[in-house]
Amino acid sequence: MTLLAYPLAAMVGGVVGTIAHEASHAAVAAAVGTLERVTWRGGVTGGPVVEFRAGNAGGARDELVRKAPLGVGLIGLGVTLAASTPRALWWWTLAGATLGCLWSSPADLFTDAADVADDHA
């Protein structure tokens, strides 16, 4: 096995984690009844966007939808650390997926940033 296999495994995991990130937004938004649509923004170099109805600033539904990927990512982090076998390619894939899930935009973390992002969309 070449050394190139480890970063490739992490990159594949990162793509999976990014998909899981947006999917968790969509799943929670659908569960709380605020999902508007899932779309693609930015052409070939863009990515998926989950649009949902935001409630009151800082409302529980709004925060659940915004923070869902962090919960999934923290679970992935726990599993990754518990597995503790960094010589295996699957471990690097899992680590990449965890990082892809935890990678958040300011709009995911702060309601004020989401309001600015919506104004510029």
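**Figure 1. The right-handed crossing of α1 and α2.** Helix α1 passes helix α2 in a right-handed crossing, a hand assigned when the near helix is turned clockwise from the far one by less than a right angle, anticlockwise being left-handed. The model is predicted, with local features requiring pLDDT of at least 70 and side-chain atom pairs counted only at pLDDT 80 or more, whereas totals for chains, interfaces and linings use all residues. Residues are numbered from 1 along each chain as its sequence is written, and side-chain values use heavy atoms, with hydrogens and water left out. Helix α1 spans residues 5-31 and helix α2 residues 60-83; their axes lie 8 Å apart and the packing angle is about 135°. Axes are lines fitted to C-alpha atoms, for helices over the stretch in contact, and angles between N-to-C directions run from 0 to 180 degrees. The two helices α1 and α2 are therefore oblique to each other; angles under 35 degrees count as roughly parallel, over 145 as roughly antiparallel, 65 to 115 as roughly perpendicular, and the rest as oblique. On the α1 side the contact is made by His21, Ser24, His25, Val28 and Ala29, and on the α2 side by Leu64, Val65, Arg66, Ala68, Pro69 and Val72; contact means heavy atoms within 4.5 Å. Sorted by class, the contact of α1 with α2 comprises 7 nonpolar, 3 polar and 1 charged residues. Here Ala, Val, Leu, Ile, Met, Phe, Trp, Tyr, Cys and Pro count as nonpolar, Asp, Glu, Lys and Arg as charged, and the others, Gly among them, as polar.

**Figure 2. Packing of α1 against α3.** The axes of α1 and α3 are 6 Å apart, and the helices pack at an angle of about 40°. This pair, α1 and α3, is therefore oblique, and its crossing is right-handed. From α1, the residues Ala5, Tyr6, Ala9, Ala10, Gly13, Gly14, Gly17, Thr18, Ala20 and His21 meet Leu89, Trp92, Thr93, Gly96, Ala97, Gly100 and Cys101 of α3. The contact of α1 with α3 has 9 nonpolar and 8 polar residues, and no charged ones.

**Figure 3. Ile19 in helix α1.** Ile19 is found in helix α1. With a relative accessible area of 55%, Ile19 is exposed; the classes are buried under 20% relative accessible area, exposed over 50% and partly exposed in between, with a 1.4 Å probe and protein chains only. Ile19 and Ala97 are 78 residues apart along the chain, and their C-alpha atoms are separated by 9.0 Å.

**Figure 4. Packing of α2 against α3.** The axes of α2 and α3 come within 8 Å and cross at roughly 155°. Helices α2 and α3 are therefore roughly antiparallel to each other, and they cross with left-handed geometry. Pro69, Leu70, Val72, Gly73, Leu74, Gly76, Leu77, Val79, Thr80 and Ala83 of α2 meet Trp90, Trp91, Leu94, Ala95, Thr98, Cys101 and Leu102 of α3. By class, the contact of α2 with α3 divides into 13 nonpolar and 4 polar residues, with no charged residue.

Figure 5. Ser84 lies in the loop between α2 and α3 (89-102). The phi of Ser84 is near 40°, a positive value in a residue other than glycine. Ser84 counts as partly exposed, at 48% relative accessibility. Trp90 is placed in helix α3 and is partly exposed, with a relative accessible area of 49%. Neighbours within four places in sequence aside, Trp90 is in contact with Ala83 and Thr85.

**Figure 6. Leu35 in strand β1.** Leu35 lies in strand β1, residues 35-41, and is partly exposed, with a relative accessible area of 33%. Apart from neighbours within four places in sequence, Leu35 is in contact with Ala26, Ala29, Ala30, Val50, Glu51, Phe52 and Arg53. Val50 is 15 residues from Leu35 in sequence and 7.7 Å from Leu35 in space, C-alpha to C-alpha.

**Figure 7. The protein chain as context for the close-ups.** The protein chain has 5 helices and 2 strands, which run α-β-β-α-α-α-α from the N terminus on. Helices (H or I, at least four residues) and strands (E, at least two) are DSSP runs, numbered from the N terminus. Of the 121 residues in the protein chain, 31% are buried.
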